[in-house]
Amino acid sequence: MQKIANIAQARMGKIPTVVQEQYKAREDGSTMKALAWFGTEDVRLIDAPIPDITEPDDVIVQVTGTTICGSDLHLYHGEILALQKGDILGHEFMGKVDRIGPNVKSLKVGQRVVASFQIACGQCKYCQQKLSSFCDRTCSSSLQNYLYGERDAGFFGYSHFTGGFPGGQAEYVRVPLGEVNLLPIPDDVPDEKALYLSDVLPTSYHSTVDTGVEEGDTVGIWGLGPIGQCVARWAKLKGAGRVICIDDVPARLEMAKSGGFEVLDFRKDKDIPKKLHELVPGGLDVAIDCSTFHAPKTLLHKSLKLLMLETDVPEVANEMIVSVRKMGRCGVIAAYAGFTNCFNIGALMEKGVRFIGNGQAPVHKYWEELLHDYIGPGKFDPRFMITHRVPLEDMAKLYAAFDKKTGGVVKVFVETKFSSLSSEGCPKTTRVDDWKA
């Protein structure tokens, strides 16, 4: 699949952008540790050239914190198109400014910053509205343009389908248009609070706001990884009357329960819509899909995926549509990528369900609000979801452990040799080999 996708994209050619994807290496030949993709379930820590200033608006970030995301597992399983051997992965990272291009005036060397997972130009009609994930001018993928009719912004470390930019699971990262795509972090905000402004916090907040959670709503959340856990807490902060969380991983169900939320284990309650209608006569006001497309539950969709007759499964979408009330709202923040079969379009239409594709979260729209209105005052502390801390050297092993949810892992802080010690109340450094299955 990767070979075909790369050939197709090469034949269609690149769409012109305002940024260059690949970086220039430093003249002294110095290298860094970085996590790279080499095939399905084959990721490796490699020695890669340290990036240098390649374009005048660049900023080089010395990474002090990175992580792994559930969407990274789609790369691990080879489910995202146009991956190439040696691609450096990772789209969530923060650190210190190491070098700046001649056009950069508002950032200085040594300053702590967090990067958005998307690379925005700051000038197109979407960027002018802070809709940074929809930037028109930074993704060169002709394949994405063909399949979707348009392109998202370029993303760090997420294949050539999203622009082919080297990612943040590394010791250094080149950030194009650094003044646009980096947010300065105050000294009193530790890395463990700031890192997740890169993706998890804006993504979860966006899905809550975009789907329209209102005061008094009864909200159902499918999937209790970091996004689902945060969505539950954002929904509560927005005034939801009840929040019901659905998953099958005991540690994740327990985390949600400890946050004061109702939980359902779909291995025990096989018919989730039926159970929800028993709990909420008339149906949910809001349902939000924070799950994943690569793990079908039913034999039908396992077979369809095996036969490559669909890329994504509609099981959660169908459960949400049936579970909400008439005129209810369904939000999709889960990272779907292609096509599906057996979508219940009839129930969608007849019930008047508002089915909302939240899209990739526009980080720039929210990250200052989240930092100054929620994290700074202590209204939202993202450290609740950090279950483990590991060194970058364990990154390849972390992919396998994260995929299997070993040791109750939910969210990981990955340190580099430049990281500070863990802050108070956060996990201490462990090695993946020591985690209990």
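Gln22 is partly exposed, because its relative accessible area is 41%; buried means under 20%, exposed over 50%, and partly exposed in between, with a 1.4 Å probe and protein chains only. This residue sits in the loop between α1 and β1 (24-25). Helices (H or I, at least four residues) and strands (E, at least two) are DSSP runs, numbered from the N terminus. Leaving out residues up to four places away in sequence, Gln22 touches Thr54, His160, Gly164, Pro166 and Arg174, where contact means heavy atoms within 4.5 Å. Gln22 and Thr162 are 140 residues apart along the chain, and their C-alpha atoms are separated by 13 Å.

The model is predicted: local features need pLDDT of at least 70, side-chain atom pairs count only at pLDDT 80 or more, and totals for chains, interfaces and linings use all residues. Residues are numbered from 1 along each chain as its sequence is written, and side-chain values use heavy atoms, with hydrogens and water left out.

Helix α1 covers residues 2-12, and Gln2, Ala5, Asn6 and Gln9 in this helix are buried. Seen down the axis of α1, these buried residues fall within an arc of 95°, so they line one face of the helix; the arc is that of the directions from the helix axis to the C-beta atoms. An α-helix has 3.6 residues a turn, so residues three or four places apart point the same way. Lys3, Ile4 and Arg11, on the other side of α1, are exposed. The cover over the buried residues of α1 includes β2 (31-39) and α3 (142-148). After α1 comes Gly13, with a positive phi near 85°.

The axes of α6 (residues 200-211) and α13 (residues 363-375) come within 9 Å and cross at roughly 100°. That makes α6 roughly perpendicular to α13, a term for angles of 65 to 115 degrees. Axes are lines fitted to C-alpha atoms, for helices over the stretch in contact, and angles run from 0 to 180 degrees between N-to-C directions. On the α6 side, Leu201, Pro202, Tyr205, His206 and Val209 take part, and they meet Val363, Tyr366, Glu369, Leu370, Tyr374 and Ile375 in α13. The residues of this contact divide into 9 nonpolar, 1 polar and 1 charged.

Which residues touch the most other members of the largest nonpolar core? They are Ile185, Leu197, Leu201 and Leu398, in a core of 91 residues. A nonpolar core is a set of buried Ala, Val, Leu, Ile, Met, Phe, Trp, Tyr and Cys residues joined through side-chain atoms within 4.5 Å. Helix α13 gives this core its largest share, 7 residues. Apart from it lies another core, of 18 residues, among them Leu276, Val316, Met320 and Ile321.

Leu183 belongs to strand β12 (residues 182-184) and counts as buried because its relative accessibility is 7%. Its contacts, leaving aside neighbours within four places in sequence, include Val114, Leu197 and Trp367. Leu183 and Leu370 are 187 residues apart in sequence, and 12 Å apart in space from C-alpha to C-alpha.

Helix α11 (residues 315-323) has 8 of its 9 residues buried, so it is largely enclosed by the rest of the structure. Among the buried residues of α11 are Val316, Met320 and Ile321.

Notes: Angles under 35 degrees count as roughly parallel, over 145 as roughly antiparallel, 65 to 115 as roughly perpendicular and the rest as oblique. Ala, Val, Leu, Ile, Met, Phe, Trp, Tyr, Cys and Pro count as nonpolar, Asp, Glu, Lys and Arg as charged, and the others, Gly among them, as polar.
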